[in-house]
Amino acid sequence: MMLEVKDLHVTVGGKKILKGLTLSMKAGEVHAIMGPNGSGKSTLSYVLAGREGYEVAGGSVTYDGHNLLPMKPEERAAKGVFLAMQYPVEIPGVTTLTFLKTALNAQRRARGESELDAMNVLKFVRQRATALQINEEMLKRALNVGFSGGEKKRLEILQMSLFEPRLAILDETDSGLDIDALKLVAEGVNTLRSPQRGMLVITHYQRLLNYIVPDRVHVLAEGRIVREGGKELALELEEKGYSEVLKVPA
Amino acid sequence: MSAALAPIEARRAEALDSFRVRGMPHRRFEHWRYSDLRAVLDAGQVAQAGTARWQISEIPDGVEMFDLSSGGAPEWVVKNLGNIGNRPTMEEASLAFADGGVALRVPRNRRIVEPVRLQISHAGNLRVLIVVEDGATVSLSELHTMDAGLVRNVGVEIALGEAAEFSHVRCAPPAPKSFNVEHIAVEAGRNARYTAHFGNFGSRLSRTELHILLGGEGSEAHLSGVTVLGAELHADVTSHIEHVAGKTLSTQLFKHVAGGRARAVYQGKITVREGANGSDSRQTAKALLMSQRAEADLKPELIIFADDVKCAHGAAVGDLDADSLFYMRSRGIPEREARRLLIHAFLEEAVAVIEDGALRDIVWRDVENALPRAMEAAK
Amino acid sequence: MSASETKDQVAALGEKYKYGFVTEIEMERAPKGLNHDIVRFISAKKNEPEWMLDWRMAAFRRWCEMTEPSWARVRYPKIDYQDAYYYAAPKKAEQYKSLDEIDPKLIETYNKLGIPLSEQKKLAGVAVDAVFDSVSVATTFKEKLNDAGVIFCPISEAIRDYPDLVRKYLGSVVPVTDNFFATLNSAVFSDGTFVYVPKGVRCPMELSTYFRINASQTGQFERTLIVADEGSYVSYLEGCTAPMRDENQLHAAVVELVALENAEIKYSTVQNWYPGDENGRGGIYNFVTKRGDCRGANSKISWTQVETGSAITWKYPSCILRGDNTVGEFYSIAITNHYQQADTGTKMIHLGKNTRSRIISKGISAGKAQNTYRGLVSVHPRANNARNYTQCDSLLIGAKCGAHTVPYIESRNPSARVEHEATTSKIAEDQLFYCLQRGLSPEEAVALIVNGFCKEVLQQLPMEFAVEAQKLVGISLEGSVG
């Protein structure tokens with residue numbers, strides 16, 4: 001197993017959000033996590049990425065056989081954990097290209113690989129950016145500042161493409177995207193599917209899953225996985241709605 | 001003593017009397033409340049500090065220079081020296097005790113492209129006079145070299161004629177055991193423009209004080225600065241911009257970072273005098289605290305006596321944004337590196353306004369040098 | 001609020017300063033001037049215990065060594081402290097046993113001020129302590145409050161009846177030596193209000209004190225002490241008026257608030273002392289020290305003030321956020337017109353962890369007036385995660401007035417966040433024109449626009465006072481345009 005989450009309990013600001021979540025995923029698979037608002041989807045993504053303030057009160061997370069939980073966010077990133085955020089942060093004063101170069105080299109350094117010089121970073125970024133329709137001008141702007149919703153999400157996928165993670169978590173990547181932007185982002189994700197890589201696609205709606213077809217679907221409600229199934233489960237959810245599906249015992 | 005020097009000598013004698021009566025500023029002076037100079041330095045030490053040294057490696061064509069330690073001052077020096085601004089006590093001291101300094105003049109309509117590079121070194125008092133005549137343009141970099149244990153007190157006067165433009169970058173590297181006081185007085189004529197940037201990296205007590213008189217209609221002042229401090233360093237930037245004439249414009253943008261046990265101070269006072277209609281003033285001061293023992297003090301002040309004005313100020317103290325920090329770390333950037341980048345980003349807009357690339361690089365270099373200390377917690 | 005509503009309100013009030021009348025009533029005064037004997041006289045008049053006299057005498061000795069502060073942006077001729085009366089009371093005041101016995105002239109006075117005191121006409125839901133010059137003349141709803149365990153009485157009475165409570169808290173927020181005017185008050189205060197809300201009690205009604213200066217050449221020095229015990233809540237409001245006179249009269253009050261664990265105090269002021277005439281003659285010098293201490297964890301103190309009166313206002317209602325998770329608020333409207341001068345603001349002292357403060361200040365300056373906001377936000381090293389937000393807006397009406405903003409921000413904790421924003425501008429001509437075009441008079445238009453400008457603060461006032469305050473905003477700006 002690439003990722004094993006066992007009986008995970010998480011509190012945020014004293015409030016219990018995840019209450020015994022269990023989940024496992026093999027390399028090469030794409031899993032979807034679906035759930036209504038407030039079910040704990042974003043909390044799961046933040047806990048996997050190591051955000052402060054998310055207190056693990058019980059359970060375990062194993063990633064490639066290692067305990068993930070004591071690692072700092074940057075260690076996890078260097079070990080191949082990537083979180084595409086629902087709301088990518090705007091950082092005025094740091095150009096996108098500077099940020100990409102710094103992150104790329106920090107990860108390489110942490111893995112004991114040689115750093116890339118500015119020219120090679122630029123070549124690499126250009127090569128990956130074209131497919132996502134990200135132009136030079138965008139790379140010169142401050143990170144995410146003044147970017148449209150679609151631009152922000154494309155930039156997240158570009159980073160996923162550059163960092164080549166083992167485990168990619170996509171948190172509501174479809175939110176705020178029109179259909180063209182959605183297709184572009186999905187295409188970017190699909191080209192990154194590989195036997196070595198696992199992807200956890202977190203979404204509220206089934207729509208995204210028409211374009212990124214999952215191997216497994218997990219339904220998250222009130223902090224636990226309440227149902228699991230193949231891609232057809234997503235369609236069932238779409239058709240009947242969460243309240244109806246959640247009535248059925250798992 | 002030559003006859004031409006007599007008015008200057010008279011003015012110096014007056015300055016000496018004025019300093020003796022008022023003495024060293026201390027925290028009971030409202031504008032010195034965060035920088036108690038008298039507590040760390042006495043008047044005798046200023047009087048006995050002698051004269052600091054200055055150097056200009058190359059005078060650009062078209063700029064007239066006069067060494068204030070030599071005799072036979074030209075009329076433009078006699079007229080202006082010691083007569084610009086509101087004569088605060090430390091400026092009077094520099095006039096009284098400095099046996100030298102430099103005066104520069106850019107004649108009417110001369111546009112000087114190459115910046116004048118002024119270096120100031122050693123302990124002591126010093127005077128600088130800059131006269132930019134109508135329609136003339138020049139820029140000045142004022143770089144301080146700071147050695148341990150010195151007392152420096154500089155008085156700078158800047159007279160800007162009609163539509164004159166002057167841009168000024170001042171950089172003072174850290175000097176933990178020194179005292180560094182500078183007073184800059186500016187008088188701006190009609191449509192004149194003063195642009196200045198201050199890179200402050202702290203002393204045991206460092207004070208940069210500006211008094212800018214926007215006396216001519218349409219005149220402008222644009223100030224920016226960064227202060228990056230660690231250890232027990234102190235830096236105080238205090239500005240007072242007076243909008244006297246109509247349609248005057250001032251902007252200010254200051255960013256301060258303090259770690260260790262450092263103290264970063266910004267006081268910015270805007271006065272809009274009666275009748276200065278159509279004036280516009282904006283002021284932003286932000287500080288980041290990096291340690292439990294550091295302190296930031298901000299005092300943006302608006303004193304408005306005219307109604308047809310637009311004035312606004314914003315001030316904020318805080319730490320680095322937690323979301324940005326997490327975002328960076330989640331992309332593999334180690335915490336310290338992420339912090340450094342975010343501090344850079346915080347300072348960026350205040351440095352970016354420096355037009356001259358070489359001067360901008362000097363400020364960034366000093367920022368880089370100061371950052372490791374500023375990012376340290378108190379020992 | 002619609003335009004017509006404002007219009008009606010302004011029209012209904014008509015005249016300029018409607019509280020400027022004098023009540024002809026037989027008064028008893030102490031001799032003019034200030035010395036040890038006057039302090040003893042006041043103490044004796046109140047039948048005070050020995051400890052209270054000692055306290056006053058210590059304050060007086062200290063005051064003799066102090067100098068009047070000069071840092072505020074207010075200018076006035078030197079005050080001759082020997083040329084004023086320090087005690088004045090209606091002759092029969094001490095003998096009133098019940099509301100029915102009060103001199104009809106006093107009842108009439110308060111009726112004219114809109115504060116009925118008699119049993120039949122009492123304001124529903126608001127208990128009133130009426131202070132006339134140096135003494136409290138009436139307190140309504142005493143029994144009902146007693147049933148809830150709430151003590152609401154003149155402070156002179158509290159000193160006699162609840163000495164332990166008073167001794168424990170008096171001077172514990174504003175020390176006797178705090179500042180020139182507070183020390184003077186400590187020596188000569190003659191009356192004021194004491195409130196104690198016991199543990200867990202939510203005070204069943206609004207409490208209020210109505211301060212009236214009537215006698216000429218007399219200073220008013222009231223003292224208010226409010227203690228909210230653990231888990232209690234109280235909302236208190238005060239109103240102030242004085243007759244129109246050519247002379248300047250001194251009002252130097254001290255207000256102390258103590259909020260223990262989980263307690264909340266909401267303190268509202270509508271200050272409408274006589275502001276002087278349009279040439280700057282007469283008016284009250286209002287030098288007031290108000291401070292609240294959030295002593296227990298999770299407590300909250302909220303100040304709301306509408307300052308429209310007084311020739312000079314010098315006051316900084318402050319919060320000491322001592323307990324962890326405490327909250328301090330300051331909502332202020334300060335209006336100056338003609339030759340009025342105001343230097344007012346707040347101090348938020350963050351000592352405890354997770355302390356929060358909010359400052360909303362709206363200054364309006366017209367005529368030849370000077371209006372200064374002066375505020376301090378101080379974050380101490382222990383105040384982890386402290387938060388402050390400050391918004392100061394100034395509005396100028398006319399070219400001869402001044403509006404000034406002097407904030408001090410001092411932070412010594414890296415996890416604290418302090419944000420300050422300020423703007424100064426003149427009243428928008430397009431807004432004025434729009435109102436005029438729709439048929440409002442210039443004064444109605446100003447009242448409407450200024451009410452909008454102040455809305456965020458007006459909303460903080462208890463209902464009973466909000467309407468009154470809205471009218472006041474309009475009235476105090478009369479003569480500022482046109």
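**Exercise 1. Determine which chains touch in this predicted model, beginning with chains A and C.**

Solution. Step one concerns chain A and chain C: they do not touch, and their nearest C-alpha atoms are 14 Å apart. Step two turns to the two pairs of chains that touch, where the most contacts are between chains B and C. Step three counts the residues involved: 31 residues of chain B are in contact with 29 residues of chain C. On the side of chain B that touches chain C, the elements giving two or more residues are strand E17 (295-304) and strand E18 (309-318) of chain B. Sorted by class, the residues of that side of chain B comprise 17 nonpolar, five polar and nine charged.

**Exercise 2. Describe how E18(B) is joined to strand E23 of chain C.**

Solution. In general, strands of a sheet pair through backbone hydrogen bonds, either parallel or antiparallel. Here, E18(B) and strand E23 (residues 417-426) of chain C run antiparallel and are joined by eight bridges. One pair of partners can be located in the model: Ala316(B) has Glu419(C) in E23(C) as its bridge partner.

**Exercise 3. Work out the strand order of the open sheet in chain A, and explain which strands stand at its edges.**

Solution. First, the order of the four strands is E2-E1-E4-E5 (chain A), with antiparallel pairing. Next, strand E2 (15-25) and strand E5 (66-67) of chain A each have a single partner strand; they therefore stand at the edges, and one side of each is left without a neighbour in the sheet. The pairing of E2(A) can then be followed in detail: eight bridges join E2(A) to strand E1 (residues 3-12) of chain A, and the two run antiparallel. Within this pairing, Leu8(A) has Leu21(A) in E2(A) as its bridge partner. Finally, helix H1 (residues 41-49) of chain A lies across E1, E2 and strand E4 (54-63) of chain A, and runs at about 65 degrees to E4(A).

**Exercise 4. Characterise chain C as a whole, then examine the packing of its helices H3 and H8.**

Solution. Chain C has 11 helices and 23 strands. Its radius of gyration is 21 Å, close to the 23 Å that the globule rule gives for 482 residues, so chain C is as compact as a globular protein of that length. Along its principal axes, the C-alpha trace of chain C spans about 65 × 55 × 45 Å. Of the 482 residues of chain C, 57% count as buried.

For the helix pair, helix H3 (residues 50-64) and helix H8 (residues 180-188) of chain C pack at an angle of about 145 degrees, with their axes 7 Å apart. The crossing of H3(C) and H8(C) is left-handed. Residues of H3(C) including Phe60(C) and Trp63(C) meet residues of H8(C) including Leu184(C) and Ala187(C). By class, this contact of H3(C) with H8(C) has five nonpolar, two polar and two charged residues.

Conventions: Residues numbered from 1 in each chain as written. Chains lettered and ligands numbered in written order. Predicted model: local features only at pLDDT ≥ 70, side-chain atom pairs only at ≥ 80, totals over all residues. Axes fitted to C-alpha atoms, helices over the stretch in contact; angles between N-to-C directions. Left-handed = near helix turned anticlockwise from the far one by under 90°. Contact = placed C-beta atoms within 7 Å. Nonpolar A, V, L, I, M, F, W, Y, C, P; charged D, E, K, R; others polar. Pairing = 2+ DSSP bridges. Rg over C-alpha atoms; globule rule 2.2 N^0.38 Å. Buried ≥ 20, exposed ≤ 12 C-beta atoms within 10 Å, placed from the backbone.
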